[in-house]
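Take a walk through this protein structure, one stop at a time. Keep the sequence and the 3D view side by side as you read.

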Amino acid sequence: MALIKYIEHNGTEHEVHVENGLSVMQGAVDNMVDGIVAECGGACSCATCHCYVDEAWFDKVGAAKEVEQDMIECAAESKPTSRLSCQIKVTDELDGLVVHLPESQY
Amino acid sequence: MTKQNCIIVGAGHAAAQLVTSLRQQGWEGAISVMGDEYFLPYHRPPLSKDYLSGRKSIDDILIRPPAVYEKARVRFGLGLRVEAINRTDKTVLLDDGESISYQKLVLTTGSHVRKLPVPGTDLPGVFYLRAIRDVEQIKGFIGHGKKAVIIGGGYIGLETAAVLKQLGMHVTVLEAMDRVLQRVTTEEISAFYTRVHMEEGIEIVTNAAVSSIEGGKNVQKAVCGDDQEFAADLIIIGIGISPATELAEAAGLDIDDGILVNEFARTSDPDILAAGDCTKHYNPIYDRHVRLESVQNAVDQATIAAGTICGKPKPYNALPWFWSDQFDIKLQIAGLSTGFDQVVVRGDMANGRSFAAFYLQEGRILAVDAINKPKEFMMGKQLITAKVEVDQAKLTDEAVPMKELLS
């Protein structure tokens, strides 16, 4: 279980507990966090669950794998700390994680 | 004053999006979702992929867990059908005779599978693939070394063929037209998928219109014309879907191969909205009316409908996109290719399993089919909406990063 803070583009914050093994995307969907759309349901196909991992957490979360990296690199509003939240698995180590959400997922 | 009630008919992707969007955008009244399946809204694409293969369970494919609906105060009526809409009284009539009033009604009725009009489709071992219950029954007929015949070489048919092959079955795909995927894509992509499926050991037979299905206790074969027979322990029919418009039609709403809605997801009755597969709507990017069979459309149009209901209307102008996973191939499609006058390929389409086909009209990209090419898909989306004239020399040169095409 990890407490994750999602910060929307307009500054609205959501703090939710997410079970280990779920993705950071699922944590948002399960708690009605606006700003994560997740159309493909976690298949790494759509990039509508794009987030920016807080700088303090980026190393701990780790880097994206190849397909995800390619998607992020060419996403609108891409940043060095971009990840697809469906590809980040929640563990105890991520307790306190902070992710920022982009203005748009399109 | 009586409490406001928003009734949603159909419990699929659009409904799951609507209920949370309604709450996020400020709807305070009751929300009721009526569905004819005994399941909370679930992801339908995995039915022909990870759910069929057994890699995912029902819990894994629920779009949202029950707790979300509890938090959003959503009432579900599952396993029931809405028989009629009374627009004068603003009520819907359920199949058990109960009638419920609404202030706002949203039709997210989705689509029906097209039925194959030949004898024998009711034999045990013959299925369509649209719902969880279909897959649960299909699973009883899957077996290593057994024979599966897929009728219809569309995306559902090919995805299903790939999974059944991976589960050790002998798989034959029968396509009535002269190439697979004819209705949905170009000759180039059809040729690619034909090659891949043959490389994987699947038999694809084109110009094979099934005339009957035969068997005894269980299905035994599919028959095409006079002379061709294909032995089968399992037959899956995937020959397309049609929009579920009966309810809207009987209520007198405007229909044209789908429930006609405007850019705010309103039907011809201002208190009735519709979203997803069942609708036909105007797309400003392509300047024409379209009916889309996709998760993207269900989710995005549902969000638009919620905004309209909550008095915060925003016009729908999303770029359509689709995906399909078969074997090690991730296909991502952005845009609609209808009307293209040129195909530009980036990568090796003839031999490899990684390339992108861009469909151009007067030098501008209308659509892209990206096969194991996520960058081309992502940049393709931006290039389509930007409507820029692309440099074709750069587009075909894999040494030039996709990003340079937008600058």
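A residue is called buried under 20% relative accessible area, exposed over 50%, and partly exposed in between, using a 1.4 Å probe and protein chains only. The model is predicted, so local features need pLDDT of at least 70 and side-chain atom pairs count only at pLDDT 80 or more, while totals for chains, interfaces and linings use all residues. Residues are numbered from 1 along each chain as its sequence is written, chains are lettered from A and ligands numbered from 1 in the order in which they are written, and side-chain values use heavy atoms, with hydrogens and water left out.

Start where the two chains meet. The size of an interface is often given as the accessible area lost when the parts come together. Buried area is the accessible area (1.4 Å probe) that two parts lose on being put together, summed over both. Between chain B and chain A, about 2200 Å² is buried, and carbon and sulfur atoms give 58% of that area. On the chain B side, Gln24(B), Lys375(B) and Met378(B) lose the most area to chain A, together 24% of what that side buries. Contact means heavy atoms within 4.5 Å. Chain B brings 25 residues to the contact, and chain A brings 24 residues.

Now look at the polar pairs. A polar contact is a pair of N or O atoms within 3.5 Å; within protein, one must be able to donate a hydrogen and the other to accept it, and residues adjacent in sequence count only if both atoms are side-chain atoms. Nine residue pairs, both members at pLDDT 80 or more, are in polar contact between chain B and chain A. Which parts of chain B supply residues here? Helices (H or I, at least four residues) and strands (E, at least two) are DSSP runs, numbered from the N terminus. In chain B, α1 (13-24), α4 (66-71), α9 (295-309), β22 (321-326), β23 (329-335) and α10 (374-386) each supply at least two residues of the side that touches chain A. The largest share, seven residues, comes from α10(B). By type, the chain B side divides into 12 nonpolar, six polar and seven charged residues. Here Ala, Val, Leu, Ile, Met, Phe, Trp, Tyr, Cys and Pro count as nonpolar, Asp, Glu, Lys and Arg as charged, and the others, Gly among them, as polar.

Charge comes next. Side chains of opposite charge can pair when their charged atoms come close. A salt bridge is a side-chain nitrogen of Lys or Arg within 4 Å of a carboxyl oxygen of Asp or Glu. Two salt bridges are counted between chain B and chain A. Glu73(A) forms a salt bridge with Lys375(B), with the closest N and O atoms 3.6 Å apart.

Leaving aside neighbours within four places in sequence, Asp30(A) is in contact with Leu22(A), Pro65(B), Val68(B) and Lys71(B).

Over all chains, the structure holds 27 salt bridges. Within chain B, the side chains of Arg130(B) and Asp277(B) meet in one (3.4 Å, N to O). The pair links distant parts of the chain, 147 residues apart. Arg130(B) sits in the loop between β9 (126-128) and α5 (132-139), and Asp277(B) in the loop between β19 (272-274) and β20 (279-283). Asp277(B) is buried, with a relative accessible area of 12%, whereas Arg130(B) is partly exposed at 22%.

Move on to helix α6 (residues 155-166) of chain B, which holds Ala162(B). Is Ala162(B) buried or exposed? Ala162(B) is buried, with a relative accessible area of 1%. Leaving aside neighbours within four places in sequence, Ala162(B) is in contact with His197(B), Ile202(B), Gln326(B) and Phe327(B). The C-alpha atoms of Ala162(B) and His197(B) are separated by 7.6 Å, although these residues are 35 apart along the chain.

Finish with two loops of chain B. Lys90(B), between β4 (82-86) and β5 (91-94), has a positive phi of about 55° although it is not a glycine. Lys90(B) is partly exposed, at 26% relative accessible area. Asn207(B), between β12 (203-205) and β13 (210-215), has a positive phi of about 50° and is not a glycine either. At 53% relative accessibility, Asn207(B) counts as exposed.
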